[in-house]
Amino acid sequence: MTQLTRPALPRVPALRVLEYHLVGYRRTWRAGAFSSFLLPTLTVLGFGVGVGAYIDRGVGGVSYLEWIVGGLLASTALQVAVAESTWPVFGNLQWQKIYFGQRSSPLRVGDIVAGHLAFVLFRVLTSVIAFLLVTGVLGALRSPWAVLTVPVAALLALAVAAPTFAYAASVDSDSWLAMLFRFAVIPMTLFAGVFFPVESLPLGLRWLAYVTPLWHAVDLCRAAVLGVAPYWSVVGHLAYLAAWAAGGWLLARRVFARRLVV
Amino acid sequence: MAQPLIQARGLVKRFGDFTAVDGIDVEVCAGEAFGFLGPNGAGKSSTMRMVGCISPPSAGQLRILGMDPVRDGPAIRARLGVCPQLDNLDPELTVRENLTTYARYFGIPRRVARARAAELLDFVQLSERADSKVEPLSGGMKRRLTIARSLVNEPDIVLLDEPTTGLDPQARHLVWERLFRLKRQGVTLVLTTHYMDEAEQLCDRLVVMDGGRIVAEGSPRALIERHSTREVVELRFAADSQEAFAGKLTGLGERVEVLPDRILVYVPDGDAAVAEVAALGLHPTNVLVRRSSLEDVFLHLTGRTLVD
Amino acid sequence: MVTLVLPRLVDVSAASRRSASVTERNVAALKSVYWLLLVSGFVEPLLYLLSIGVGVGALIGDLTLPGGEVVTYATFVAPAMLASSAMTGALAETTFNFFGKLKYMKLYDGVIATPVQPFEIALGELAWAMLRGSAYSAAFLVVMVAMDLTTPARALAAFPAAVLVGFAFGALGMAISTFMRSWQDFDLMSSAQFVLFLFSGTFVPAEAYPTVLRWLVEATPLYRAVHLIRGLTVGTTDWGWLLDVLYLLVVMAAGLLIASRRMSRLLYK
């Protein structure tokens, strides 16, 4: 009798997975909070204020500090999203085997991926909101439109985290994760318009920058912080980021299914 | 008799307030196979680490190969082979590289190291896995590789800390057989174990340790003679408590021990004792007569209560 | 006299041979992706140079140094990137990798059972970190010369300085690792590393900071490293470099001493 009444799955099973990750986070949040919030703030000071003092003309009519804040916010979202989708995902498959434990419960592969992605989103959002508060206090935000950077950062997070899930679940050595940072995350951060306008890149490289999801988020966030129209169409940016997220999701689910259902 | 290779007098090892080894005297001679027997926490591994010159004694005297382990550590270790309790093989290297790089730590020339690695892999039957990584190896294979690694410098003394713990029966027998061969080649073996069959199989002489002290010493045979009887009768009665029957057995044999599920009677002649039990009008559901083993000595000396 | 000196000489050669065997193990472990990761390590400072030095440099234009020289921003930033990559390279090997070998792989538990002693392990690992770091430094200096950010003669002089910087941070990293409890502690360390990277006179002259902050900055090891290398590649003429060298030598010696002491305590239980 009891077997008939027991539900096969919890309601919104991915939320249970999110809950698992949040419980673990309760123990380790301090170190993480330090690196994902204080470091971007220091970057704002070091570059925006420090280096900015040497850029007399500013950039496009605004001070360097005001110009760089939107970009740093987007790159913070990128860094946190990728960091949370590389070693943790790889570790859950290879070292602690957490996913396999979840898999032997009624949870489906999609629930496991979605739950962990939701946790990544949580990490990104908390970092970005803290960043906004600090830069607001510093007076670096020119427009109230800056609040729109939060949903943009969320979309960017999904756009990079989902494909990174697929990547981290398919590599056989964690050295490949360090390679991802060296050859994708760091170059993107340095050349996709965060520190200087992409227009000053040679044409070929400029197109490479346009292809990265980061540039699209940088353009949107910068426009929101400055209260101006972005360089490119808003709908176009959002659609491009959504395409990365959707493609990444499908890929991640497929790779996870291959790894978890044997 | 020649000078002993290992000589300890009043050897003590303390960790803070805890005394792991509490004043032991040990001598091991060349060509001997010597065993430290004892339950977990008896101080066996601490003793082995001191003999291996990687743990300075807290008090007492220790001479290894005629040298002082604190001052002459490198010179002594150059002539020791160590197989620690937990395999600490290098997971980033292949099976063969584990042996060749280890040989380099002893300053053995590369060419010699390669030749010796090949010989040793053959000796522990791992030649076919030479180029495999360490991780996928089974527990028994890893153990054999660790033993091979301990032989890479052609040591005078090989220290083996629980060489077969956790291995399946086939793997254990293979390890024993290899250790036998080493013994025949004249290598001095010092091992710790809590397997009685292992101690009986391999050791010429052994000490039983408990609570950091030596509680008995001698050859396996001598220990059995001294601390147990020739035979043991195991009686099982169809009742919840064996206690009730034990009272009726007093006076039978040298000693009667009551366990939750059976009664052990230590006697010189098992069959005679069984006849006496029947004469007393007792009808156990199960009777077993067996030779006394080192296990009986061990349990008698160190007690049956779990230590950890 | 001879009998007193000779055994020590023999001992030194044995010790260096044993240290070398520890380095050799790392060469044997070099394979597959890890190798790729290692080789590609030098691209990181190069990317920073191109992005901040050239990209942001275009917004800044020329910079007047406290000594009066006027240089391009890239010329100013390049030696700092060299110094911080020498730091990062050395730390990567002597913290993450060293800690993994010490605590997780239990590699040294096997090594100390041989004649190799803890300080020889420390030296061998440091030598390995230096081989790796020096290769990066050399490659970066070649790029600096190619981009006309320094002269070949100055680059030659800067190379040993970069090696010294690596040694100092390598020894420091090793000492720090022996105090680490878990991987989580490394989050703090890499954060500290990033703070040094941002504020050690790397991107703006330390003279730009308020006085108290400036003193603080000038006491940090990365500032001394940047100051030393910038002096050599750009050519400022004060004698401050002697202080830098002395400082880095002290850091190195202290790091090595603490590391081998701590390792003895951790390993010889």
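User: In what order do the elements of chain C run from the N terminus on?
Analyst: This is a predicted model, in which local features need pLDDT of at least 70, side-chain atom pairs count only at pLDDT 80 or more, and totals for chains, interfaces and linings use all residues. Residues are numbered from 1 along each chain as its sequence is written, chains are lettered from A and ligands numbered from 1 in the order in which they are written, and side-chain values use heavy atoms, with hydrogens and water left out. Chain C holds 11 helices and 2 strands, where helices (H or I, at least four residues) and strands (E, at least two) are DSSP runs, numbered from the N terminus. From the N terminus on, the order is α-α-α-β-β-α-α-α-α-α-α-α-α.

User: What is the radius of gyration of chain C?
Analyst: The radius of gyration is taken over C-alpha atoms, and the globule rule is 2.2 Å times the number of residues to the power 0.38. For 269 residues that rule gives 18 Å, and the value for chain C is close to it, so chain C is as compact as a globular protein of that length. The radius of gyration of chain C is 20 Å.

User: Which chains have no contact between them?
Analyst: Contact means heavy atoms within 4.5 Å. Of the 2 pairs of chains that touch, chains A and C have the most contacts. The closest C-alpha atoms of the pair without contact lie 12 Å apart, and that pair is chain A and chain B.

User: What area is buried between chain B and chain C?
Analyst: The contact takes 28 residues from chain B and 24 residues from chain C. Buried area is the accessible area (1.4 Å probe) that two parts lose on being put together, summed over both. Carbon and sulfur atoms give 57% of this area, which is about 2200 Å².

User: Why is helix α1 of chain B described as largely enclosed by the rest of the structure?
Analyst: Buried means under 20% relative accessible area, exposed over 50%, and partly exposed in between (1.4 Å probe, protein chains only). Among the buried residues of α1(B) are B:Lys44, B:Met48 and B:Val51. Helix α1 (residues 44-51) is largely enclosed because the buried residues number 6 of the 8.

User: Is B:Met67 buried or exposed?
Analyst: B:Met67 lies in the loop between β4 (59-64) and α2 of chain B. Not counting residues up to four places away in sequence, B:Met67 touches B:Leu62, B:Asp72, B:Ala75, B:Ile76 and B:Arg79. With a relative accessible area of 19%, B:Met67 is buried.

User: With which side chain does the side chain of B:Thr164 make a polar contact?
Analyst: B:Thr164 lies in the loop between β6 (157-161) and α6 (169-184) of chain B, and at 0% relative accessibility B:Thr164 counts as buried. A polar contact is a pair of N or O atoms within 3.5 Å; within protein, one must be able to donate a hydrogen and the other to accept it, and residues adjacent in sequence count only if both atoms are side-chain atoms. At 2.2 Å, the partner of the B:Thr164 side chain is the side chain of B:Glu198.
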